[in-house]
Amino acid sequence: MAEQLQLETTLAKSAAASTFRDRAAERWRGRKKGWQLYVLMILPFAYLMIFRYYPMLGAQIAFRDFNVVGGIWGSPWAGFKHFTRFVNSYMFGRVMSNTLILSFYQLVASFPLPILLALSLNYLPSRRYRKTVQMVTYAPHFISLVVLVGLMIQLLAMRNGPVNNLIELLGGQRQNFLGNPDAFRHLYVWSTVWQTLGYSSIIYIATLTAIAPELHEAAIVDGATIMQRIRHIDIPGILPTAVILLILSTGRVLEIGFEKAYLLQNPLNLRTSEIIQTFVYKQGLLAPIPQFSYAAAIGLFRAVIGLALLLTVNAISRRVSESSLW
Amino acid sequence: MATITKYTTQDKVFNVVNTAIVSLFFFVVLAPLVYVLAASFSDALAVIQGRVWFWPVDFNVEGYRAVFRHPRIMSGFANSFFYMGVGTIVNVTLTVLAAYPLSRKDFVDKNFFMALFVFTFMFNGGLIPTYLLVRSLGMLDTRAALIFPLAIGAWNVIITRTYFQQTIPSELLEAAQMDGCKDFRFLWSVVLPLSGPIIAVITLFYAVQHWNQFFQALIYLRDESKYPLQLILREILVENQVAAEMTDMDIESMLLRQQLRELLKYSLIIVASAPMLLLYPFIQKYFVKGIMIGSLKG
């Protein structure tokens, strides 16, 4: 009892000693001693300020009526005019629902398959076959989106693409996949799955190899089948990783790629292929009279929703599963 | 798993089903690639008539000859190599400069700078403000516009920092400091020589990003002589599509040219992807490592 009291007084004393001022002085000493670290940081810091943070201030253009003379800082204020215009425009419903449907479709479709591939590869009896499959399934990740879309156009071409050739060979009708608004989402999502499947499985394969081998050995001694080992050892083992990745992709779901949607777009499939990002690009940069403020407002609208989504998903996950991003 | 040789009956069934599943994945990923490769070495007419599947028909290299004779494709190649080379050097230099101080426990304002990087994950100014910035810096339609706006990827900074934290023992720093070695020299002569794998990883990541980059060029460049390969590819592979499908030409020479143009697309897909596909098996073991480092929370 007495000892504990003594300990507490010592602690209190030392806490009192390191007052705020002392700590500040210590920090300054640390900065002086490590000045070279700050010098190293100058260029990266300048980059962040100019190319990442200044545009955040520039986003105020969404609340102004941009004109060339005034620029970002001098154009007259317009309040929420551009936001209300977007929300009330006939495009709003279509662009929003296209973005959301496409995003969540992709999220759901591309989550489970890499896990299945990783589990399958993990139990493949032939090591050489496993290496080959890994090598080949990673490769599409390195193909550019332009090439991917070019590839899709060649494969799916109505007149002489191999897919349609095959359909005809099997007695079906040739389909215009690329010009069909009902096919756009499936093409978009499943081509992403094709491209990212192998690469996304890397992390699961690595997690599976990190599972303690004793668990498997014990299970084998107890006569567990491979299926049982997958269910009771492997799946619990990769679950935390899967949850983190799912949070990450749910939080970023609205950042769905502009490039592929834009490349796959054509006048025939616009009904489903116009998403927020392509709409912003067209309004802001492609239009004969660029509407910078209007386009910036739409972009900001998306960014704010995206940020809110990320924070919400992270908070929920922290409460439910103790896995969170920060 | 390779050590286990005794399978139960159930496991034997599992192995058969499992091998079938993997083979299905394998086929689905591989088939389009093999088809394109086969078509690129085939005769144009055979491709158009749909006689090519997974093996070249009437083997020839006309498509490749057309690719290498196409002046705009060659200029796109040259430009892309330039953007990739210079851009990656800038990227890697700045990333290491940022990552090293962030890896140091005694860097007083570490958390502040770290937060600056992490916040860029969550929020950005958006397309229009960034475009207006590049415009007001006078970088519109310059090569600099493809290099500086994306000079640092925050994610790469974080994995590089984590690598430094894990592989450079603090005793090494303390010993060096005892001998009067300052931070610049420590970074240059101790940290960098120990960081081969991570430099390889981020170099690969950045190089692939530059090679495949198309959006930046689309919005910032007007002058066609500066176009990277991806923009040229878009014109040939994507935009030509509608025109080729809609116009019906029946003059014989036009038809031949039309056929060659179709064949060229297949060869072009192969040639344009080759640099990255050839590069990656060499660095494969490194990037698996890179992904794992990135997955650790730091």
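**Domains, chain contact and local features**

Reply: The domain assignment divides chain A into domain 1 (1-33), domain 2 (42-79) and domain 3 (86-321). Please note that this is a predicted model.

Me: How many Å separate the centres of domain 2 and domain 3 of chain A?

Reply: Taken over C-alpha atoms, the centres of domain 2 of chain A and domain 3 of chain A are 33 Å apart. To their contact, domain 2 of chain A gives 7 residues and domain 3 of chain A gives 5 residues.

Me: And what classes of residue are on the domain 2 side?

Reply: The side of domain 2 of chain A that touches domain 3 of chain A has 5 nonpolar and 2 charged residues, and no polar ones.

Me: Moving to the two chains, how many residues of chain B are in contact with chain A?

Reply: There are 78 residues of chain B in contact with 78 residues of chain A. On the chain B side, the largest share comes from helix α1 (residues 9-40) of chain B, with 15 residues.

Me: How does that side of chain B divide by class?

Reply: The side of chain B that touches chain A consists of 54 nonpolar, 16 polar and 8 charged residues.

Me: Within chain B, at what angle do α4 and α7 cross?

Reply: The axes of helix α4 (residues 71-103) of chain B and helix α7 (residues 154-167) of chain B cross at roughly 50 degrees and come within 8 Å. At that angle, α4(B) and α7(B) are therefore oblique to each other. Their crossing is right-handed.

Me: Which residues make the contact?

Reply: From α4(B) the contact takes T95(B), V96(B), A98(B), A99(B), Y100(B), L102(B) and S103(B). From α7(B) it takes N156(B), V157(B), T160(B), R161(B), F164(B) and Q165(B). Divided by class, the contact of α4(B) with α7(B) has 7 nonpolar, 5 polar and 1 charged residues.

Me: Why would residues three or four places apart in an α-helix point the same way?

Reply: An α-helix has 3.6 residues a turn, so residues at that spacing point the same way.

Me: Back to chain A. Where is P114(A), and is it buried or exposed?

Reply: P114(A) is in helix α7 (residues 112-122) of chain A. P114(A) counts as buried because it has 23 C-beta neighbours inside 10 Å, and the cut-off for buried is 20 or more.

Me: What does P114(A) touch, leaving out residues up to four places away in sequence?

Reply: With those left out, P114(A) touches L197(A), S200(A), S201(A) and Y204(A). As for V221(A), which is 107 residues from P114(A) along the chain, the two C-alpha atoms are separated by 29 Å.

Me: How many residues of helix α12 of chain A are buried?

Reply: Helix α12 (residues 213-221) of chain A has 9 residues and the number buried is 0, so the helix lies largely in the open. Just after α12(A), G223(A) has a positive phi of about 80 degrees.

Me: What about D141(B)?

Reply: D141(B) is not a glycine, yet it has a positive phi of about 60 degrees. D141(B) is in the loop between α6 (127-136) and α7 of chain B. With 14 other C-beta atoms within 10 Å, D141(B) is partly exposed.

How values were computed: Residues numbered from 1 in each chain as written. Chains lettered and ligands numbered in written order. Predicted model: local features only at pLDDT ≥ 70, side-chain atom pairs only at ≥ 80, totals over all residues. Domains from an automatic or database assignment. Nonpolar A, V, L, I, M, F, W, Y, C, P; charged D, E, K, R; others polar. Axes fitted to C-alpha atoms, helices over the stretch in contact; angles between N-to-C directions. Helix = DSSP H or I, 4+ residues; strand = E, 2+ residues; numbered from the N terminus. Parallel < 35°, antiparallel > 145°, perpendicular 65-115°, else oblique. Left-handed = near helix turned anticlockwise from the far one by under 90°. Buried ≥ 20, exposed ≤ 12 C-beta atoms within 10 Å, placed from the backbone.
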